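Here is a short report on one protein chain. Look at the structure first, then read on.

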Amino acid sequence: MHLSLRFIIPLMLVLTAFAYAVSPVIDRMTLRWFVRDLDIRSQLIANAISEPLFEQLAAGRKAKIGDFFTRITLDERLFAIGFCAGNDGTSVASKSLPPELRCKDLGRWGAEGNSLLDSKNGPLHVSVQPMVNELYPTGRLVLVHDLGFVTRRSEETKRYLVYGFLGLAAVVSLLTVIIAQLSWRGWLAGMRSLLRGEGLLRDPAATMNLPEFRPIARDIERLVRELETERRARDESQITWSPESLRTILRADLRGEDVIVVSNREPYIHQRHGERIEVQRPASGLVTALEPIMRACSGTWIAHGSGSADRDVVDRHDRVAVPPEQPAYSIRRVWLSAEEEAGYYYGFANEGLWPLCHIAHVRPTFRASDWAHYVAVNRKFARAVISESKTKNPIILVQDYHFALLPKMIREELPQATVITFWHIPWPNPESFAICPWRDEILAGMLGSSILGFHTQFHCNNFVDSVDRFIEARVDRESFTVSLGGQLTAIRRYPISIAWPPDPAMLSKPIEQCHAELRQQYGLPRDHRVCIGVDRLDYTKGILERFRAVERLLEQKPEWIGRFSLLQIAAPSRASIEDYQNHDAQVRALATRINDRFVRGERKLPPPILLKVEHHDAEQVYQCYRGADCCFVSSLHDGMNLVAKEYVAARDDEQGVLVLSQFTGAARELPEALIVNPYDIEQCAAALHLALTMPASEQRDRMRLMRGLVSEFNVYRWAGRMLLDAATMRRRGAVLEKPANLPANG
Ligand code: F6P
């Protein structure tokens with residue numbers, strides 16, 4: 001509206017001024033036309049009256065001629081008329097004849113012809129016509145016309161002209177504004193969609209209507225893509241990553257789509273103890289990371305219902321709302337028979353893929369029967385995903401090595417789904433991966449994903465190398481994408497993390513109290529030094545190596561005997577697998593041997609290894625973190641290891657030392673930890689000694705840096721980056737699925 005007024009008013013002013021400027025020219029022109037008309041009219045009158053006039057003159061009826069002239073001048077334009085006879089003839093005129101036009105003065109006006117006179121009666125047209133007749137001597141007829149009507153007409157014309165131009169101005173400017181507005185909107189819409197990354201080509205018809213846009217469309221799109229990448233890097237660091245920022249991404253970038261998570265392990269397990277049903281939280285890094293995400297995003301988490309009371313609490317769709325104290329999302333439980341669980345979970349996933357990917361010197365075992373169960377269970381989960389999808393293009397987060405085949409199975413049913421697969425464990429080099437008899441099927445299954453994530457670039461590289469080596473797929477190492485059968489998969493690094501800030505309940509007990517209670521609980525003196533280890537009882541965690549490092553420390557620095565203990569919390573895990581049973585036995589035996597060695601004969605001394613093979617809940621674990629002097633993570637191979645990050649999060653006093661295996665993903669992010677090779681027992685023992693003797697100021701410096709890193713790269717950022725990438729991919733997909741309609745040479 002403003003724009004219209006700003007355009008219309010000046011245009012009207014200009015046109016009005018123009019109307020005033022041209023009106024004198026028009027005056028002059030119309031005057032000329034009127035004078036010409038009057039010349040002709042005078043001639044006509046002269047011709048018309050010549051005969052009766054001469055008759056009267058010949059009859060000497062001068063009075064009659066006067067009346068005759070007066071009657072003629074009743075015509076509104078003919079102002080006066082007179083006859084000047086030559087050579088003594090009679091001169092006669094109407095009363096209105098101006099005195100300047102007496103017969104004797106006619107010479108001044110030219111003997112004959114037409115002229116203009118500015119008299120006291122206004123402008124006049126004077127026509128002097130020669131009159132010749134055989135009845136009477138020659139004379140001159142003087143016809144005077146009033147030109148006042150010309151002035152009146154001119155005024156009127158000027159008025160109409162101004163009105164006309166004003167009207168014209170209004171019409172022209174309105175039309176111009178309407179046309180300008182319409183095409184401006186079209187341009188704006190085009191620009192906007194371009195800048196949103198939708199491109200001009202989204203609507204080919206619109207593109208055809210905007211041919212002027214086409215030459216710049218490609219350049220702008222390229223620019224937008226570059227800016228987008230840059231903005232992503234910049235924006236990501238500017239966002240304060242929290243549950244709220246995740247919700248915003250879902251709302252703004254993914255149009256409020258529901259998120260479906262699929263994992264083997266469920267976040268809440270209902271266990272029956274007689275009449276009582278207890279809700280258990282499993283010891284799982286995956287669950288630790290994803291649970292806060294689901295609380296933020298809502299949606300559905302599909303998982304194996306493994307608890308003894310799981311069936312008792314679900315509704316008729318096998319769903320249960322969680323967290324029990326404040327439901328925010330639902331778990332959809334998938335039931336597995338004992339055979340399915342044995343073949344798919346214990347067998348193929350944990351005796352095959354787990355050791356294959358961890359290279360922890362436990363041989364992978366591959367059985368055809370396990371593989372068959374693995375395929376069947378993946379298909380069972382695919383059906384659950386499809387039945388839980390409310391749209392044809394849901395966002396599905398597939399978790400871990402239990403579901404290598406699931407992405408492809410989902411895609412076959414829901415080709416428009418965005419499948420983000422995250423592989424929580426390492427990916428081996430192609431030589432190691434080649435051991436797997438179903439390697440091609442596994443790679444093809446995973447490549448059903450839109451995005452495939454690993455913790456480190458090293459694992460991304462290993463995966464791409466494996467694809468390149470074993471299957472017919474197009475690998476683009478610049479964009480890090482793999483194309484298989486027309487399906488494009490982006491391979492990306494997303495280092496997982498924990499929720500930050502940590503749950504206040506975990507930090508509510510003061511450090512001093514945690515310190516005192518921890519020692520009290522295990523019958524240790526108040527000044528006893530404690531290092532903590534928290535793991536599932538798994539051979540990849542390097543628990544045996546950790547114990548050997550403690551033994552070596554005590555050998556080398558006997559002053560620590562009876563003054564230092566390693567508290568090892570070991571959650572029982574995969575206990576029906578033989579390798580785990582062997583490992584469990586080895587761990588217990590080694591702890592006993594070391595304890596016997598250093599406390600033999602002096603039974604009152606605290607044992608160097610406190611082994612607790614039992615489930616601890618998160619609060620208990622955080623109290624141990626807060627009460628210990630150091631934390632030892634000695635994994636032989638680990639995708640990330642969230643214990644390291646949890647320990648850092650627990651130490652809001654900025655004290656405590658982290659001893660961290662170089663073979664964890666976490667070591668790449670936390671170089672301020674004491675980084676060790678867990679196979680190098682001497683080095684680990686030295687690191688333990690260093691940790692126990694590190695000055696408080698150095699502990700603070702290191703811990704502060706590590707806390708900064710974990711707070712910045714929290715789990716919301718991990719999930720947020722994947723969802724943002726998924727959103728970009730969906731936008732690109734929407735553009736690319738439409739025909740571009742551009743000529744080949746563009
Ligand atoms: O590391 C892979 C992983 O899925 C972890 O995320 C988790 O800590 C662990 O395995 C859980 O194992 P499970 O579900 O077999 O007990």
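## Glutamine 655 and its neighbours

A polar atom in the side chain of glutamine 655 lies 3.1 Å from the backbone oxygen of alanine 696. A polar contact is a pair of N or O atoms within 3.5 Å; within protein, one must be able to donate a hydrogen and the other to accept it, and residues adjacent in sequence count only if both atoms are side-chain atoms. This is a predicted model: local features need pLDDT of at least 70, side-chain atom pairs count only at pLDDT 80 or more, and totals for chains, interfaces and linings use all residues. Residues are numbered from 1 along each chain as its sequence is written, and side-chain values use heavy atoms, with hydrogens and water left out.

Where does glutamine 655 lie? Its place is the loop between helix H19 (642-650) and strand S22 (657-661). Helices (H or I, at least four residues) and strands (E, at least two) are DSSP runs, numbered from the N terminus. Glutamine 655 counts as buried because its relative accessibility is 15%; buried means under 20% relative accessible area, exposed over 50%, partly exposed in between (1.4 Å probe, protein chains only). Leaving aside residues up to four places away in sequence, glutamine 655 touches Tyr647, Ala696, Gln699, Arg700 and Met703. Contact means heavy atoms within 4.5 Å.

## Helix H22

Helix H22 covers residues 696-712, 17 residues in total. From first C-alpha to last, H22 reaches 24 Å, close to the 24 Å expected at 1.5 Å a residue. That expected span is 1.5 Å times one less than the number of residues.

Which residues of H22 are buried? They are Gln699, Met703, Met706, Arg707, Leu709 and Val710. Down the axis of H22, the buried residues fall within an arc of 160°, so they line one face of the helix. The arc is that of the directions from the helix axis to the C-beta atoms. The buried residues of H22 pack against H19, S22 and helix H20 (666-669).

## Salt bridges

How many salt bridges does a search of the whole structure find? The search finds 39. A salt bridge is a side-chain nitrogen of Lys or Arg within 4 Å of a carboxyl oxygen of Asp or Glu. One of them joins glutamate 412 and lysine 408 (3.9 Å, N to O). These two are separated by about one helical turn because they are four residues apart in helix H11 (residues 406-413). Glutamate 412 is partly exposed at 49%, and lysine 408 is partly exposed at 39%.

Aspartate 535 and arginine 546 also meet in a salt bridge (2.6 Å, N to O). Aspartate 535 is in strand S18 (residues 529-536) and arginine 546 in helix H16 (residues 543-556), so the pair ties together parts eleven residues apart in sequence. Aspartate 535 and arginine 546 are both buried. Elsewhere, Glu551, Arg552, Glu555, Arg593, Arg597 and Glu682 are linked in a network of salt bridges.

## Arginine 153

Arginine 153 is found in helix H3 (residues 148-195). Arginine 153 touches Phe34 and Arg77, not counting residues up to four places away in sequence. Threonine 30 is 123 residues from arginine 153 in sequence, yet their C-alpha atoms are 8.9 Å apart.
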